Structure formats: C-alpha cells, structure tokens
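Have a look at the structure first.

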Amino acid sequence: MIQENRIWYKQEAQKWEEALPIGNGKLGAMVFGGVARERLALNEDSVWYGGPRDRNNPDALPNLEEIRRLLREGKLSEAHELSAMALSGVPETQRHYMPLGDLELRFRYGSDGEAGEYVRELDLESGVAAVAFRIGEVSYRREAFASFPAGVLVMRLTADKPGSISFKARLQRGSNRYYDELIKADEQTLVMRGCCGGSGGMDFRTALRATADGGSVKLIGEHLVVTGADSVTLLLAAATTFRHSDPESYAVEATAKAAHAGYATLRAEHVADVASLYNRVSLRLSAATSTEQGAELPTDERLRRVKEGVTDNGLMALYYRFGRYLLISSSRPGSLAANLQGIWNDKMLPPWDSKYTININAQMNYWAAETGNLAECHEPLFDLIERMRAPGRVTAKAMYDCEGFVAHHNTDIWGDTAPQDIYLPASYWPMGAAWLCLHLWEHYAYGLDRSFLERVYPTLKESILFFEQFLTETEDGLLVTNPSVSPENTYVLPNGESGTLCIGPAMDSQILYELLSACASSAEELGIDDDKRAKWLAMRDRLPQPSIGKHGQLLEWMEDYEEAEPGHRHISHLFALHPGTRFNVRSTPEWTAASRVTLERRLANGGGHTGWSRAWIINFWARLEDGEKAYENIQALLSHSTLPNLFDNHPPFQIDGNFGGAAGLTEMLLQSHAGCIHLLPSLPSAWTDGEVRGLRARGGIEIDVRWTEGKVEEAVLRVQADGLCRVKANSALVVREGGQTVQSLVSSDGLLTWQASGGTEYVLSAEQDRAG
C-alpha cells in the first residue's frame, strides 16, 4: 500500500514554528535548513530548572473542613478566598522545562549567488530531516537525525564536488549565554558545561564532535572550524545529572563511540529503528475530489489551500502519520514522558512551563499510543506515574490526612503533586493521578500482558485508597469529591455569583467510575482481593449518576448551573464519552444524546478554539458515530489550529493537539471500548475508499481494514488470546481462517461473533466475495 510519508518545503524556516522536529525521546532538535546559517534548536528531556521540593501548604489540612463547610453552605466567595490561601502550593509554581541550547553553523561557499533548487524535508518513515540546494556548480545536501540506538544527534554534510564544505560551528544557549563554559575535550570535541539553575538544579553537558573526509577540522576558541572538506559528520550528545553522575563522560564517550561506528552504520541503525515502529501502521484515504493534488505540493502550500476551504484527505492522513512520528520521536523507553511540547522547546521560561498538565493535556499525548501500535512509547508515562507516587503520598497526608497518593492538575520532572498556581478554575482538582492511572489499565486492556498488570496493580490500588478516605457523603448517601473543580470552567448561580470550587463535579464521578471499574477488573483478572473488589464496586454504585439539564445537555455540576463561558475549551463532563468508556450510542442512548446537545451548545458558542480542544471534539464526534461532524472538525483543526510545520497551535504551540487529532482519526476507523470491535464506526462520506493496517483493539487484537464505497470490503484480525471475537461492521462479513469458513453467529443488530483462538489470523470478507 503506497502512502505519503514526506513533509517538505521550498524555503528555509524563518522561525521556530517552521523548523522540522527530530528526536529520540531524550534528545531533540528543530532543524531550520538555512543555507548561509544553519540552526538546530536543541533539547534534552531532563534539562529542567531547579530540583525537587516539598510545596505542600501546611495550612491545607487545618482549613480543609472549613472549606468543605463553606461549599456545602453555598458560601462561594469565602470558600474561594480561603482555598487560595490554604490549598495553593508554597511556592505556587512547580519546575519548568528549558532548552539545551543551539547548534549554529555558518557556511563559506566557493562561489557567490543565490541557492537554487532548494528543498527542505522530513521523511517520517526514516526519521531523517534533510535540506538540499545548489550554489553555482555545486550541489549540497545535509541530513540530520536523532538516533535512539546510538543516543546521539547526527548531521551529515555532503557536496558533489570535493573540498566544497567549509563552516564554523558553535554551541550556544540563549542571548545571555546560559552556560558556564565551553571547553575542548579532545582535538575533535567541544563540550558545553552548565547548570540548569535553581535550588538543587542539575548540571548538564553537551558534547559536539566532528569527523571529516578531506580538508581539516580545528577547534579555535569556542568554535569548531571545518575547511575544504569533502563530507563532514557532526555528532552531538547531551546528558544531565538527573540520569548520570558524570554527564560529561557520558556525552563525550557517546560521540566517540558513534564516530567509531561511522555514518553509514549510524544511519542504517536509526532508519531501521524508526521504521520498525512507524511501519506497524499504514493509512490510505481516497482523494476527496479530482482536483486534489497531494504530495506534489509543498506542505505549507497544501495547508494554505485547506485554510481557503480546499479538502485534502491526503493531508489528513499525513497529519495522522506525523502524530505517530512525533510520539516515536518524543517518548521512548527510558526517556521522560512527552510534555506540553513533546521535547521541543526554545524558551527559557516556556508557556505553562512546558511541563505536564494532567487535567487532560499529558493524557491526550498518549491517546494514540495503544490504538496506533506504539505501546512501548507509552512506557515513559508509566514511569512518570511511579515517580509521582512518593510525593503523592506526602500530598495526600499533608493536605487531606488520607493514605494513598494524589495529584492535582500539574506535575513536573520530579513528580510534584501539590497544587500548581493560584488559579481557581484548575488548581484544586484532586483527580490528576486518578486519570493518569487509567492509562495503566488501558495498556493492559490492549496488550493483555499479565506481568504488567501484576506490576502496576499496587499503583492502581494506592490511587483508589486515597479516594476511599477522601470522598465525602451527601445527605442522600452519594460519595462525592469535596473540594474540587470542573476543569477549567466557571458556573454562575441564580443570584449572579460565579464559582469554580464545587462538590462532586461530573468529571470526577466519571473518572472514579472508570478507575473503580479498572481496579475491580484488575483484581478479577489476577484472582486476588475479592473483598476489595466488592468494596470498589459498592463505592462505584454510590457515585452520582450522569444527569441531564434543562437544555437537554449533560450536567457539568450537580446542579443545573449556567456557564460563565458557554464556549469553554474544556468539555470535562463528557469524559465518560471519551476517553472514558461508559457512554456509547447503543447502551446509553440518553446520555449520548445529552452529550451531543452539550457539544452542539459548546460549538455554537465558539468552542474548539484551541488546537487540543478541537482534537478532543473530533474524538467526541467519533464516539457519537457522527463521521461527518468528526471530519468537519479535522478540517477545522488543520485550517485553524495547525502551524506551517504541522505542529498543533493552542496558540501557542502545544503538542497535545497533534496526538489528540491522530487519536480522533483512529476512533473514526476503529473502536473497541463498548464490548465489540466496531469497524468504520464514524466513516465520513469523503473517505469513500481507503485502507488502514496495523491498528490495535482492546483484547490483544491487531486489525487491518479495507473499504470501498464506504463499506467494509475486508478486515484482517490477528488475535493474540483465546476468547470470543465480536465484530460490528457496515456490511455483512464472512469469517475465514486459513481459507476455511469459521462458524459464527450474527445477532439482530449485525454483531458478528465467533470463538477465536490465540495466535490466529482471521480474514473477514464481504459476503459477495464468498464464491471467491
């Protein structure tokens, strides 16, 4: 199946948002592709300001019951004022992510004149960014990639005329030179030494090494100077004391080892590594119209045409592939979790600190990990959850006198769990760790790795333990959170007073329903803790049920309040629709109908104005099985919230929208949350023909689907474990295994069911193919 894997341009990047991202999880760069001056904006995932600290407010617990009383009595302003003083972290902010620096190259060419035949590109399948151009009689090419196997960033410079490559290179870090010194480690290697800053801050080291064929390489002052070379390989490694007691030795040795391996080996190993992940999934979507031009146009030109109203299904598919590429590049085993900007950040104090916002954004980063067949890229998020456990126990005890562990709406490299900011619509929300823990269950549900479930089950239990002690009881016996908020919205009382702090917002109950269910199912799978399982299911039964308001909408709070901002970017009370699993159009029709009303009201009032919010809306419509609405919002995501290099635009840049958009497209083609595998549940009319291979469904199943004229023509299911297979499709299918028809049942609603054997591939074909 031919698919398009190339992002390309006819001009240099003029700003960071136009540069091309490369990364290996730990080390990343934005490649500008300049002719006279090349810039690689560098990042290392553990370069964060400051060290760990205890920010839990000592006045939280002494004032907790008073805050709860004020909320029960409806004294909002008093509850808000006391909470801002007593619950906020001290100091109020966590640590922030910072850039590693820049690698700058300034070139000298043998002839004057403008560069011609210029092309700048990123090949997603190989993970190689390249720039090619011609000056005079010489053609030049550069390739750059961040190798996961070698742990280094590599740049290769070549020309088709010997002796044509001359430049000087320098490591820099901000206009104020945020580093201590640049030293010569040996005759070919420069090292930047510095400290990330702040109390307890880490030291970092960056090593730059050059090897040349022909010509000369010299280190002069803080510069690496290449003169008259035929070709040059630059190797860069970086590390901090977060992982290494001697980061300088690590970085220098990594570049030396890479130099010994040679460029051909480094490139081949890197390409094989990226392709082994990237090529697990392929996607082809039919052209929307006969005028759709596709890959022959530069990517920025295609994006401009979409903004003008042209439909480009090929660009939608490319956007999906780019989302998977970004996850491969920013989240690998052993790296930190992808933050608000993945690993790519050029600001010393970035927007929202470029850390982990865990009231949706960090979670959204991983929505496409399991469905998109990148399960191992999910692992850094699990590592973050484990780092949060010890701080979370301290926060649970210090703020709420509870056992277990808890986190609020942000965390950082150190797993800080105290509230972030004095920001009433978000800060005092105790559900961050609970939501994150659902990713542990999802990973098991897709992969059926029992050893993994055994390892993370204590984490799930510890998260629930907090709520066993934290939840309070209403007069009618319901278990609710208090205090909390509905991220990040504000309600208005009949008397005109507005508030954010509340008791039992819908999102909290929906997350708890999923978490209690996950814990109970985990105990059942492992055959342990029958008493706890019964307790958790009893708690689940006492949670507030979803309610429908006067407009037919799903209630966000326990009362039918008006909203201060009806078009708010967060749509927290639809968690049970997505990414939760409780709502679906067949078993909960009233709640999904109310969810539709909620979405329509949000959008009518300007909702979806941020990139990640629009991405979430795509997923909502997909779960409502409305392919046209989902498609409409993909179009809106591309036309209103996508930067020239296809990065998501909040604004400013946030990577969550890229990942959320990729997840939404998957949800349109395959769903498995409602007890069956649903093929093409939200296929829009514009995607009349297409094919996707390698998607994953819950239950350990990998799936290929091909469709024609909007109908499933063939599906292939590679089943990992024994059990019943249930498949819903928009055409009648026959199940075959090894060419033989498999006995199956078809229910009145078209659900195809058969007993599957693990390790078996099943082919489902449209019934008209029976004779073939």
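Gly309 sits in the loop between H5 and H6, where helices (H or I, at least four residues) and strands (E, at least two) are DSSP runs numbered from the N terminus. The model is predicted, so local features need pLDDT of at least 70 and side-chain atom pairs count only at pLDDT 80 or more, while totals for chains, interfaces and linings use all residues. Residues are numbered from 1 along each chain as its sequence is written, and side-chain values use heavy atoms, with hydrogens and water left out.

- Gly309 counts as exposed, at 54% relative accessibility; exposed means over 50% relative accessible area, buried under 20% and partly exposed in between (1.4 Å probe, protein chains only).
- The C-alpha atoms of Gly309 and Ala636 are separated by 9.7 Å, although the two are 327 residues apart along the chain.
- Within H5 (residues 299-307), the buried residues are Thr299, Arg302, Leu303, Arg305 and Val306.
- They end up on the same side of H5 because they cover an arc of only 160° around the axis, taking directions from the helix axis to the C-beta atoms.
- Their packing partners are strand S1 (6-9), helix H6 (313-330) and helix H16 (627-640), with contact meaning heavy atoms within 4.5 Å.

**Nonpolar cores**

- The largest nonpolar core has 223 residues, and Trp687, Leu717 and Trp754 have the most contacts inside it. Such a core is a set of buried Ala, Val, Leu, Ile, Met, Phe, Trp, Tyr and Cys residues joined through side-chain atoms within 4.5 Å.
- H6 gives the most to this core, with 11 residues.
- Another core lies apart from it, with 15 residues, among them Val128, Phe145, Ala251 and Leu266.
- Leaving aside neighbours within four places in sequence, Trp754 is in contact with residues including Leu717, Cys725, Tyr762 and Leu764.

- The largest pocket has a volume of about 1100 Å³. On a 1 Å grid over the protein atoms alone, a pocket is an open set of points with protein on both sides within 12 Å along at least five of seven lines, a cavity is a set where a 1.4 Å probe fits but cannot get out, and lining residues have an atom within 4 Å of a point.
- Its lining has 50 residues, and the closest to its centre are Glu442, Ala445, Ser672, His673 and Arg698.
- H10 supplies the largest share of that lining, eight residues.
- The lining of the largest pocket divides into 23 nonpolar, 17 polar and 10 charged residues; Ala, Val, Leu, Ile, Met, Phe, Trp, Tyr, Cys and Pro count as nonpolar, Asp, Glu, Lys and Arg as charged, and the others, Gly among them, as polar.
- The second largest pocket holds about 690 Å³, volume being the space filled by probe spheres set on grid points joined across faces, edges and corners.
- Of the 32 residues lining the second largest pocket, Ile503, Gly504, Met558, Glu559 and Tyr561 lie nearest its centre.

**Cavities**

- There are six cavities of 30 Å³ or more, and the largest cavity has a volume of about 70 Å³.
- S8 gives the most to the lining of the largest cavity, with three residues.
- That lining divides into six nonpolar, three polar and three charged residues.
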